[in-house]
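Hi,

Here's the structure I said I'd pass along. Have a look at it first, then read on for what turned up.

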Amino acid sequence: MTNILMVCLGNICRSPLAEGILKAKLPRNSFTVDSAGTANYHSGSQPDRRSVAVAKKYGLDISKLKARQFDVSDFDRFDLIYVMDESNYRNVMALARDDNDKAKVDFVLNEIYPKENYTVPDPYYGGDQGFENVYNMLDEACSIIAKKLI
Ligand code: 4NP
């Protein structure tokens with residue numbers, strides 16, 4: 001089993017989309033995909049309705065996901081931890097206990113643009129187009145992840 005965690009700030013916009021997209025590209029019997037936020041202010045909430053809508057447009061149902069906060073125990077549960085931006089990266093790395101934990105963490109867009117540490121922009125305060133952009137970036141990155149892992 002390979003366990004993959006997608007991390008953003010609130011776990012309501014970007015990482016639930018990443019979770020839904022990657023899950024759909026990987027066989028269920030040998031992979032688990034989850035998501036979490038570095039902040040706790042949306043814990044227990046469903047994904048943002050704009051993320052739910054763009055996922056639905058592409059045939060994915062992420063409406064049942066529930067936000068939760070990233071926890072240090074996630075380093076034990078997951079093999080790969082993908083973050084959306086620099087702030088997520090710093091927050092997750094600050095909880096890493098050793099080099100083994102740290103080695104699990106990378107920017108999701110480094111799968112497309114290696115070592116560039118590009119950001120998946122936070123679409124929360126923008127319009128629907130931001131969610132479409134985020135969907136497309138994550139879809140491209142997740143296709144590469146799936147191709148590498150399967
Ligand atoms: P996410 O987006 O990190 O992609 O889930 C955000 C959602 C909520 C907030 C910030 C970012 N917020 O400030 O409430």
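Below are my notes on the ligand site and then on the strands.

One thing to keep in mind: this is a predicted model.

Let's start with the ligand. It sits in the largest pocket.

Which atoms come up against the ligand's oxygens? For Arg14, a polar side-chain atom is 2.8 Å from an oxygen atom of the ligand. Cys13 uses its backbone instead, with an N or O atom 2.9 Å from a ligand oxygen. Asp122 has a side-chain N or O atom 3.2 Å from an oxygen atom of the ligand.

Now the strands. Strand 1 (residues 2–8) runs parallel to strand 3 (residues 80–83), and four bridges join the two. One of the pairs to look at is Ile4, whose bridge partner in strand 3 is Leu80. Strand 3 also pairs with strand 4 (residues 105–107), again in the parallel sense, over three bridges. There, Tyr82 has Asp106 of strand 4 as its bridge partner.

Cheers

Note on methods: Residues are numbered from 1 along each chain as its sequence is written. This is a predicted model: local features need pLDDT of at least 70, side-chain atom pairs count only at pLDDT 80 or more; totals for chains, interfaces and linings use all residues. Side-chain values use heavy atoms; hydrogens and water are left out. A polar contact is a pair of N or O atoms within 3.5 Å; within protein, one must be able to donate a hydrogen and the other to accept it, and residues adjacent in sequence count only if both atoms are side-chain atoms. On a 1 Å grid over the protein atoms alone, a cavity is a set of points where a 1.4 Å probe fits but cannot get out, and a pocket is an open set with protein on both sides within 12 Å along at least five of seven lines; lining residues have an atom within 4 Å of a point. A molecule sits in a cavity or pocket if more than half of its atoms lie within 2 Å of its grid points. Two strands pair if DSSP finds at least two bridges between them.
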